[in-house]
Structure formats: structure tokens, C-alpha cells
Amino acid sequence: MVIVMKPDANQEQIHHVLQRVEERGLEAILLRGEKRNVIAAIGDQREIPTDYWLAAPGVERIIPILSRYKLASREMQPVATGVRLNGELVGEKRVAVIAGPCTVEDLEQTLHIARAVKAAGALALRGGAYKPRTSPYSFQGLQQEGLEILAEVRRLTGLPVVTEVLSPEHVEIVARHADVLQVGARNMQNVALLKTLGEAGRPVLLKRGMAATVEELLLAAEYILKSGNPHVMLCLRGIRTFEDHTRFTLSLATVPHLKQLTHLPVLVDPSHATGISSLVPPMCKAAVACGADGLLVEVHPDPEKALVDGPQSLTLQEFDRLMTELAPVAQAVGRTI
Ligand code: PEP
Ligand code: MN
């Protein structure tokens with residue numbers, strides 16, 4: 001059950017409701033939203049009439065939640081949650097385009113990419129420092145040095161930085177250097193990592209596991225929300241099927257489906273989903289057309305020489321053209337880029 005507080009409910013009223021929830025032997029989780037606060041009460045409530053909570057000052061309404069993921073569900077929060085990034089709320093009107101190299105290679109190149117994607121209209125820079133490579137013999141990323149490069153590029157360009165965190169012990173250092181912490185597909189069900197992200201104090205971009213169901217994705221998001229971090233964005237990056245003409249299979253029907261189930265923003269990563277750069281622009285347009293709140297796009301000044309994921313990376317010119325072509329698609333569905 002969720003107790004929705006009135007928009008003008010004060011701290012004292014919120015505290016009072018939290019106390020009453022705990023007095024009844026339930027777990028109380030306060031979720032602070034941009035527009036209002038809600039309190040999730042978790043546990044067996046069969047003995048407690050709904051009216052019981054309505055008498056408390058500051059309470060607006062009570063919503064019973066039937067789905068397994070409670071905090072992530074639309075039932076709990078019918079209005080979309082906007083996650084703050086670079087002065088915008090991801091999940092609202094502007095489609096958030098986050099672009100950058102698969103992996104940070106050096107300062108000069110990262111700065112060059114950041115300036116180009118910023119000029120083309122990207123909202124944030126994405127670059128890998130810790131890379132979850134399939135093979136232990138592949139390049140593992142510049143790690144801490146990569147984080148330092150990203151932080152320096154942010155300082156020089158003003159573009160916020162999105163980068164992946166692989167393990168709970170790295171959450172603190174990654175959160176110190178980056179604006180958004182990405183959880184990769186291979187880590188979607190790393191429960192220890194998800195729980196630690198509650199304390200990161202930074203928004204999280206949670207990618208769907210390549211063999212995870214939609215419910216499993218939402219339950220993974222639930223771990224982060226339950227551990228106290230309400231700033232979660234979901235990202236679809238393709239799932240594994242029998243199909244082998246693309247790297248993974250991008251199910252775009254999952255975008256509107258997820259938007260019906262959850263209030264969290266839904267982003268799409270056509271680069272990892274297709275693995276082929278010529279397929280990235282059309283799938284970006286399709287994603288925006290079907291309601292995606294943002295895109296993750298891999299770019300590289302010289303894809304042939306990229307250390308990681310060259311075949312799926314757009315050149316800087318291709319990215320610029322994509323942004324121009326996306327504008328009318330966004331406009332057609334009532335969004336901006
Ligand atoms: C990435 O975004 O760099 C990445 C490794 O993607 P995924 O986790 O979706 O495979
Ligand atoms: Mn990549």
C-alpha cells in the first residue's frame with residue numbers, strides 16, 4: 001500500500017505518518033518526489049482498514065498495490081517520475097540523448113567527442129571507465145584513470161557524465177566522479193550492487209539484462225528504489241533470441257508496455273541492441289516514435305580504430321545528422337530533442 005501525501009504536507013506530518021506505519025509493524029519507505037512525497041507501507045495489512053490512514057493530517061489518498069514491484073509501479077505513482085539531468089527532467093517532454101564512446105580512451109579524444117555531441121544537442125556524455133567485457137583478455141577500461149578523464153571533461157564542457165559501475169565497492173568512487181551511475185545488462189541482478197546504489201546519492205541508469213523478463217527488470221529497479229534512491233531510469237538494450245542478424249533483439253513493444261507498468265523513465269540503447277552502426281539511426285527514430293524518454297548512442301571519431309564496439313559506433317558527423325533527423329520525429333509525438 002502507498003500513502004500519498006498532499007503536495008503541501010509538512011515534515012511533521014510526514015514524520016507522523018512514518019511513525020504510525022512503523023507502530024503497526026510495517027516497513028515504511030519515504031519516497032521524496034519532485035512534486036509530492038509518498039510513503040510505501042510494506043507488510044501484511046489485512047487487519048488494517050484503509051480509512052485508518054486517511055485520518056492522519058497531510059494524507060491525500062491510499063493506493064493498494066497488487067504488483068510484485070510496488071515502488072516502481074504505475075499503480076503507486078500514476079504520474080511519470082522525472083529524473084533530473086542537466087537541468088531537464090528525463091521522463092518529461094525532452095527526449096534525453098546520452099552519447100559518447102563505448103570506452104574512454106584518452107582525455108583529448110573524450111573532450112573532442114564531448115564537444116561534438118554537446119554541439120549536436122546531447123544532454124549528457126556517456127563513456128565507460130570500468131568495462132564489463134565478455135572475455136577477460138579484452139581491454140577492461142581505463143578504470144580510475146577513465147573516471148578522472150570523465151570528470152575533467154565534465155569540468156571543461158559542462159556536460160554531465162554517465163558511466164558504468166561494476167561492483168558495490170566502486171559505487172563511492174564512481175559516484176564521486178560521475179553524475180549518473182549505469183548498471184550494465186550483465187549486472188542487472190547483482191543484488192549487492194543494486195542495494196548499494198540506494199546510498200549513491202546519484203541517479204541510476206539500469207539496463208535490462210539480456211535474458212531478463214520485464215518483471216525481473218522492474219524488480220531489479222525495486223531494489224534500488226527500496227534502498228532509498230528514487231532516481232532510477234530503465235534502459236532497453238536488446239535481449240537474446242534465436243535471431244542472429246543483429247547483436248541482440250530490440251523489442252520496441254516493450255517501451256510502451258513498460259510505460260504502462262511503471263512511472264520510471266524508459267530509455268533505449270540501439271547501439272548495443274543492434275551492434276551495427278547503420279541500424280542505429282532508424283532504431284533511434286523508432287524508439288522515439290514509440291515513446292522512449294531517452295536514447296543511449298555510442299559514437300567515436302574513428303570507429304574503425306575504436307578500442308571497443310567500433311562496428312556499432314556512429315561517427316561524430318553521423319550523430320549530428322541523427323540529431324537533426326530525430327527532431328521532427330520527436331515533434332510528431334509531442335516531444336522535443
Ligand atoms: C555498455 O553500455 O557499455 C554496455 C556494456 O552495455 P550492456 O551492459 O547493455 O551490454
Ligand atoms: Mn559498448
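Mentor: In this predicted model, the manganese ion (ligand 2) has four protein donor residues: Cys102 through SG, His272 through NE2, Glu298 through OE and Asp309 through OD. Along the sequence, the donor residues follow the spacing C-x169-H-x25-E-x10-D. Cysteine 102 and histidine 272 link distant parts of the chain, being 170 residues apart. Cysteine 102 sits in the loop between β7 (96-100) and α3 (107-120), while histidine 272 belongs to helix α9 (residues 270-274). Cysteine 102 counts as buried because its relative accessibility is 2%, under the cut-off of 20%. Histidine 272, at 10% relative accessibility, counts as buried too.

Next, the salt bridges. The whole structure holds 15 of them. One joins aspartate 293 to lysine 259, with N and O 2.5 Å apart. Aspartate 293 lies in the loop between α10 (280-289) and β14 (294-298), and lysine 259 lies in helix α8 (residues 254-261), so this bridge ties together parts that are 34 residues apart in sequence. Both aspartate 293 and lysine 259 are buried.

Another salt bridge pairs glutamate 27 with lysine 226, at 3.3 Å from N to O. Here too distant parts of the chain are linked: glutamate 27 is in strand β2 (residues 27-32) and lysine 226 in helix α7 (residues 214-226), 199 residues apart. Glutamate 27 is partly exposed, with a relative accessible area of 38%, and lysine 226 is partly exposed at 39%.

Glutamate 60 and arginine 36 form a further salt bridge, their closest N and O atoms being 2.9 Å apart. Since glutamate 60 lies in strand β4 (residues 59-63) and arginine 36 in the loop between β2 and β3 (37-42), the pair ties together parts 24 residues apart in sequence. Glutamate 60 is partly exposed, with a relative accessible area of 31%; arginine 36 is partly exposed as well, at 29%. Salt bridges with shared partners join Arg36, Glu60 and Arg61 into one network.

That leaves the nonpolar interior. In soluble globular proteins, nonpolar side chains tend to be buried together. The largest nonpolar core here has 81 residues, and Leu197, Leu206 and Phe319 have the most contacts inside it. Leaving aside residues up to four places away in sequence, leucine 206 touches residues including Val183, Met188, Leu217, Ile224 and Leu234. A second, separate core has 17 residues, among them Leu18, Leu26, Trp53 and Val59.

Key
Residues are numbered from 1 along each chain as its sequence is written. Chains are lettered from A and ligands numbered from 1 in the order in which they are written. This is a predicted model: local features need pLDDT of at least 70, side-chain atom pairs count only at pLDDT 80 or more; totals for chains, interfaces and linings use all residues. Side-chain values use heavy atoms; hydrogens and water are left out. Donors are N, O and S atoms within 2.8 Å of the metal (3.2 Å for Na, K and Ca); water is not among the atoms, so sites may look incomplete. Helices (H or I, at least four residues) and strands (E, at least two) are DSSP runs, numbered from the N terminus. Buried means under 20% relative accessible area, exposed over 50%, partly exposed in between (1.4 Å probe, protein chains only). A nonpolar core is a set of buried Ala, Val, Leu, Ile, Met, Phe, Trp, Tyr and Cys residues joined through side-chain atoms within 4.5 Å. Contact means heavy atoms within 4.5 Å. A salt bridge is a side-chain nitrogen of Lys or Arg within 4 Å of a carboxyl oxygen of Asp or Glu.
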